[in-house]
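Visitor: Could you walk me through how a few features of this structure are read?
Guide: Gladly; let us begin with the structure itself.

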Amino acid sequence: TLRVFGSTVGPAVGVVTMKRDRPASDFAEELFRLAVEACPNGMLMTDSSGTIVLVNSATEQLFGYRRSELIGQSIEILVPERMRKHHAGHRVRYAERPGVRRIHASHGLFGLRRDGSEFPAEIGLNPVQTAEGLFVLNVVIDISDRQRVDRLKDEFVATVSHELRTPLTSIAGSLGLLLGGAAGKLPDGVTRFLGIAHNNCTRLVRLINDILDIEKIESGSVVFNFKPVKLRQLAEQVIEANRGYADGFGVRVRLDPAAEDGKVLADPDRLAQVMTNLVSNAVKFSSRDGEVEVTIAHRDNRMRIVVRDHGPGIPAEFKPRVFEKFAQADATDARQKGGTGLGLSIARKIVTRLGGNIGFRDAD
C-alpha cells in the first residue's frame, strides 16, 4: 500500500509509507501517477492529433477546468483563439519531427483559462512513443509572476539609471575640461588621478546608456525608422567614426575592397549602432598593430555584414552565452578594456527588430 499525507494542492508533503504487497509494475505505475499529480506545473498528455488524454491536478488549477471537461478535447481549447491556427500548424510539424523541445516566453505564447483570461506561458514538449502511436507530454508553466518581477526589476534599474546619467555626464564633462587644460596646467600627479576618474566616469555613463537602451528596446518604446540603406556607405561612415578609437588601441580598421554594395530596408542609425558595437569589440580584443576588416557580401537574397578580427577568439565554454546580458568571457579583462557586457545583447535585439540574424564563427 502507498499512503501520502499532505496537501493535494501543489507538491505532496508529510509522511510517505510504502508496503510492497503487489507486483512491482503496478507499484511503479502508481508511484508515477502520484508524481505526476504532485507536480506543481501543468502536465497534459495528448495524442498525435492533439486530443487531450491525460491531465494532472495542476492543470485543473491553472486553467480552471475539471479534468473530465478536458479529456477528449483538442488542446487548442487552452490556446487563445487568435493563436489557434498557428498552434495547430506547429503541432502538425512537431508530429512529423518529434523531439524534446522547450518553447520560451520570447515566442509570445499564452494560455487561455476557462474564464477567458490569459496568462504568459512556457511549454515543454516531450514525445512518448508507444505501441499505439505517438503521444506528447506537454508541461505548462505560468510565468506571470516571473514577468512581473522582471518588469519591476527593469523599471527600478531604468529609474536609477535615469537619475544617475545626468550627474555622471556632468562630472565626466567637467573632468574632461580639467584634463583639457580649462583650469590651466595641472601637476602630473593630479592629472593622473583626474584621468583615472574620467575613464571610470565615462565607463559608468556608457553602462547606464546601454542599460537604458536594453530597457527601451525590450519595452517596445524604441521607434525604428525604416528606409533604404546603402551598406557600403554606412560601413565607411562607421569605420571613420571609430578610427580615433581604434588608433588608441593601435589597431587598423579597413573596409574590404571586394565588399559589395547593396541596399537593405533598415533603420540606418540602429544598424550603425550594431556595426559600431561589432567594430569596437573587434578593436578592443585585437593585439596592438592588429587589423579589423569589414566586408559586405550578397548571400541567398540577403546582405551579410562581416566584421573580422585576429584576436584570441571566444572560449568554447562561453560561446552559448555570447549574446546574453552582462555576459563577459573574462570579466576582469573586459572591464580593463571598457566592456559592459551589454553591447552584443543590444545588437542582437536590434538586428532581430530589423528582421535579420546575428551570429559568429571562428575565423579560418
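Visitor: How far apart are the end C-alpha atoms of helix 5 (residues 144-179), and what should its 36 residues span at 1.5 Å a residue?

Guide: Bear in mind that this is a predicted model, in which local features need pLDDT of at least 70, side-chain atom pairs count only at pLDDT 80 or more, and totals for chains, interfaces and linings use all residues. Residues are numbered from 1 along each chain as its sequence is written, and side-chain values use heavy atoms, with hydrogens and water left out. Helices are DSSP runs (H or I, at least four residues), numbered from the N terminus, and the expected span is 1.5 Å times one less than the number of residues. For helix 5 the expectation is 52 Å, and the end C-alpha atoms are 50 Å apart, which agrees.

Visitor: Where does helix 5 kink?

Guide: A bend is the angle between axes fitted to the seven residues ending at a residue and the seven starting there; in helix 5 a kink of about 30° lies at Arg165, shortly before the proline Pro167.

Visitor: Which residues of helix 5 are buried, and against what do they pack?

Guide: Buried means under 20% relative accessible area (1.4 Å probe, protein chains only). The buried residues of helix 5 are Ala158, Ser161, Leu168, Ala172 and Leu175, and they pack against helix 6 (188-219), where contact means heavy atoms within 4.5 Å.

Visitor: How many of the 17 residues of helix 9 are buried?

Guide: Helix 9 (residues 268-284) is mostly covered, with 12 of its 17 residues buried, among them Leu271, Val274 and Met275.

Terms used
Helix = DSSP H or I, 4+ residues; strand = E, 2+ residues; numbered from the N terminus. Buried < 20%, exposed > 50% of the residue type's maximum accessible area, 1.4 Å probe, protein only.
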